[in-house]
Amino acid sequence: MSTVPIVSPSLLSADFTDLNTALKIVEGTDAPWLHLDVMDGHFVPNLTFGPPLIAALRPKTKLIFDAHLMIDNPDETIQWYLDAGCDYITVHLESARGVEKMAELVHSQGKKFGLSIKPDAPVAVLEEFLPCLDMVLIMSVFPGFSGQAFIPETVDRLAELQALCEKVGCSPLIQVDGGINPGTAALCAAKGARVFVAGNAFFKAANPAEACTEIIAAAQAAVI
């Protein structure tokens with residue numbers, strides 16, 4: 001598996017009045033993914049977008065759609081996101097009831113499945129599910145809103161996750177979301193993170209392409 005860091009810009013921080021331009025901005029950088037923060041106003045105190053918007057964007061770009069479902073009912077609705085064209089679908093363990101069943105469904109359609117936990121959840125709860133995961137998303141802020149500060153304890157949680165993966169004998173991608181910039185990306189990369197969700201650090205930057213390059217370079221330097 002390649003160790004090249006992956007930046008997944010979060011659409012949540014883009015200009016929602018001009019998403020065509022937002023796609024072009026991402027396509028003009030070294031970011032191959034687009035992070036889609038789906039929030040239902042119940043699991044988290046914010047409401048964003050759902051399958052219709054994702055499906056509308058899908059024909060417009062070849063970017064990898066990286067959906068993060070912060071919703072109460074992923075078991076019942078995960079097929080909606082597969083149908084909308086998502087490539088990676090990550091659900092929260094806190095709201096999931098049938099993790100293995102969802103993983104099987106996603107994999108049966110040639111897509112990738114991930115699991116996430118909130119910052120106050122013990123990392124150990126992920127252990128039994130690691131063999132069926134393509135990615136683990138460690139939240140470095142509490143989910144719900146962009147622009148929050150990185151939680152320093154995330155670094156220790158990543159180290160714990162790495163140890164669990166080695167114990168189980170698997171190597172899912174490790175993604176970090178919240179407060180990502182070159183400095184925090186380097187800290188996380190040193191503990192095994194490979195995918196970095198960048199919201200404001202990307203879309204609010206004067207030059208998103210440069211911002212993306214700086215995050216990748218910092219993360220790569222941390223593991224050399």
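Lysine 111 is partly exposed, with a relative accessible area of 26%. In this predicted model, lysine 111 forms a salt bridge with aspartate 87, and the closest N and O atoms of the two lie 3.6 Å apart. The pair links distant parts of the chain, since aspartate 87 belongs to the loop between α3 and β4 and lysine 111 to the loop between α4 and β5, 24 residues apart.

The axes of helix α3 (residues 74-84) and helix α4 (residues 99-108) come within 10 Å and cross at roughly 15°. Because angles under 35 degrees count as roughly parallel, α3 is roughly parallel to α4. The crossing of α3 past α4 is right-handed. On the α3 side the contact involves Pro74, Asp75, Ile78, Gln79 and Leu82, which meet Met102, Leu105 and Val106 of α4. By class, the residues of this contact comprise six nonpolar, one polar and one charged.

An α-helix has 3.6 residues a turn, so residues three or four places apart point the same way. Within α3, the buried residues are Pro74, Thr77, Ile78, Tyr81, Leu82 and Ala84. Pro74, Ile78 and Leu82 are buried and also take part in the contact with α4. The packing of the buried residues of α3 extends beyond α4, including β2 (33-39), α2 (51-57), β3 (64-70), β4 (88-92) and β5 (112-117). Glycine 85 follows α3 and has a positive phi, near 110°.

Side chains of opposite charge can pair when their charged atoms come close. The structure holds four salt bridges. One of them joins the side chains of arginine 97 and glutamate 76, at 2.0 Å from N to O. This pair too links distant parts of the chain: glutamate 76 lies in helix α3 and arginine 97 in the loop between β4 and α4, 21 residues apart. Arginine 97 is exposed, at a relative accessible area of 59%, whereas glutamate 76 is partly exposed, at 45%.

A further salt bridge connects lysine 167 with glutamate 127, with 3.0 Å between the closest N and O atoms. Lysine 167 lies in helix α5 (residues 154-168) and glutamate 127 in the loop between β5 and β6 (135-139), so the pair ties together parts that are 40 residues apart in sequence. Lysine 167 is exposed, with a relative accessible area of 60%, while glutamate 127 counts as partly exposed at 25% relative accessibility. Finally, salt bridges with shared partners join Arg58, Asp87 and Lys111 into one network.

Definitions and conventions
Residues numbered from 1 in each chain as written. Predicted model: local features only at pLDDT ≥ 70, side-chain atom pairs only at ≥ 80, totals over all residues. Heavy atoms only, no water. Axes fitted to C-alpha atoms, helices over the stretch in contact; angles between N-to-C directions. Helix = DSSP H or I, 4+ residues; strand = E, 2+ residues; numbered from the N terminus. Parallel < 35°, antiparallel > 145°, perpendicular 65-115°, else oblique. Left-handed = near helix turned anticlockwise from the far one by under 90°. Contact = heavy atoms within 4.5 Å. Nonpolar A, V, L, I, M, F, W, Y, C, P; charged D, E, K, R; others polar. Buried < 20%, exposed > 50% of the residue type's maximum accessible area, 1.4 Å probe, protein only.
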